[in-house]
Amino acid sequence: MKTNLRGRDFISTQEWTKEELETVLQLASDLKMKWGLDLPTRLLEDKTLFMLFFFSSTRTRNSFEAGMTRLGGHAIFLEPDKMQISHGDTPKEIGKILSSYGHGIAIRHCDWGDGNKYLRDVAEHARVPVINMQCDIYHPCQAMADLMTCIEKKGDMKGKKVVMSWAYAKSYTKPLSLPQSVIELFTQFGADVVLAHPPAFDLMPEILDNAASNARKTGGSFKIVHDMDEAFVGADVVYPKSWGPLVAVQDSSKMVDTIRQYESWICDERRMSLAKEDAIYMHCLPADRGVEVTDAVIDGPQSVVYDQAENRMHVQNAIMALTMGGR
């Protein structure tokens, strides 16, 4: 167990060691048990978290706000259009000024090519931890909640087949951050990770390299397939989720047309039957019902989506307690 995490930024799981991530999971489980028993966990009493949202969210905002209340602190919700960012406040000023008022800065900024850079620019100048609530490249808090859920349901991830699959979505072009964080994190924990997607939906090459390297080091495996059925066969965990063709398609006007070619990539009862009988279905929510997944699957007995949503609060509480409090 690592006990020297105070002051650390949490921007991607790849920048933390497996031992450090295990410390987060261990504390998250303890905090979850205390939550169930209604025992106090005021580990951040009188501390303040600034939450800067360039994109709105249901689970992210509420899990962080409720979490800070649970830890005895206070979370402040900030929106760029209610601040002076549009009038010239730079990441340097945001980092320096907010860290002089509080104890942590959490940011959600998913603009392709801008989000992660903004987080790192703020972190460079902040004197308090910066926590990534989702950017264009990573979604580390969600991935940690996903891993916690899988361990609760399946135990040790070594030897478990985890399928991160693209799925169709017609609402908008979604970020790459969730699948990229999942394949990096689960390979760190020795899972046999299969990434499935149509040809135009590649993830970033450096993320793929990290996943392959992680798998070699931990004794797991990592492979890419372009057939959803093939990926699902014998799976322990399936995670069908849409993302945009942001790497392969440079013209944004062509992205929707590219997505529409693959309406058949839906998680339905037939595909679930290809996985193991006790396989679990995951989604970070909100899911496009009838498009990414059928109601029968997401509302069915193999779905763990609400466990994932609850575990967001517990892993985030652990991350905040370890980086903003402690020794």
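Predicted model: local features only at pLDDT ≥ 70, side-chain atom pairs only at ≥ 80, totals over all residues.
Visitor: Which residues make the contact of H2 with H12, and how do they divide by class?

Guide: On the H2 side the contact is made by Arg-59, Thr-60, Ser-63, Phe-64, Ala-66, Gly-67, Met-68 and Arg-70, and on the H12 side by Ala-309, Arg-312, Met-313, Gln-316, Asn-317, Met-320 and Met-324. These residues divide into 7 nonpolar, 5 polar and 3 charged, with Gly counted among the polar ones.

Visitor: What makes H1 oblique to H12?

Guide: The axes of helix H1 (residues 18-37) and H12 come within 8 Å and cross at roughly 120°. Since roughly perpendicular covers 65 to 115 degrees and roughly antiparallel begins over 145, the angle of roughly 120° makes H1 oblique to H12. This crossing of H1 and H12 is right-handed. Among the residues that meet there are Leu-27, Leu-31 and Trp-35 in H1, and Met-313, Asn-317 and Leu-322 in H12; by class, the contact of H1 with H12 has 11 nonpolar, 4 polar and 2 charged residues.

Visitor: Why are H1 and H5 called roughly perpendicular?

Guide: The axes of H1 and helix H5 (residues 140-154) come within 11 Å, and they cross at roughly 70°. Because the range for roughly perpendicular runs from 65 to 115 degrees, and roughly 70° lies inside that range, H1 and H5 are roughly perpendicular to each other. H1 passes H5 in a right-handed crossing, where Leu-21, Val-24, Leu-25, Ala-28, Ser-29 and Lys-32 in H1 meet Met-144, Leu-147, Met-148, Ile-151 and Glu-152 in H5. The residues of this contact divide into 8 nonpolar, 1 polar and 2 charged.

Visitor: How much space lies in the largest pocket, and which residues lie nearest its centre?

Guide: About 580 Å³ of space lies in the largest pocket. The lining has 26 residues, of which Arg-108, Gln-134, Tyr-172, Pro-175 and Pro-286 lie nearest the centre of the pocket. By class, this lining comprises 10 nonpolar, 10 polar and 6 charged residues.

Visitor: What is the peptide bond from Leu-285 to Pro-286, cis or trans?

Guide: That peptide bond, from Leu-285 to Pro-286, is cis, with omega near 0°. Pro-286 is found in the loop between strand E9 (280-281) and helix H11 (295-298), and Pro-286 is also one of the residues nearest the centre of the largest pocket.

Terms used
Residues numbered from 1 in each chain as written. Heavy atoms only, no water. Contact = heavy atoms within 4.5 Å. Helix = DSSP H or I, 4+ residues; strand = E, 2+ residues; numbered from the N terminus. 1 Å grid on protein atoms, 1.4 Å probe; cavity = no way out; pocket = protein on both sides within 12 Å on 5 of 7 lines; lining within 4 Å. Points joined across faces, edges and corners; volume = space filled by probe spheres on them. Axes fitted to C-alpha atoms, helices over the stretch in contact; angles between N-to-C directions. Parallel < 35°, antiparallel > 145°, perpendicular 65-115°, else oblique. Left-handed = near helix turned anticlockwise from the far one by under 90°.
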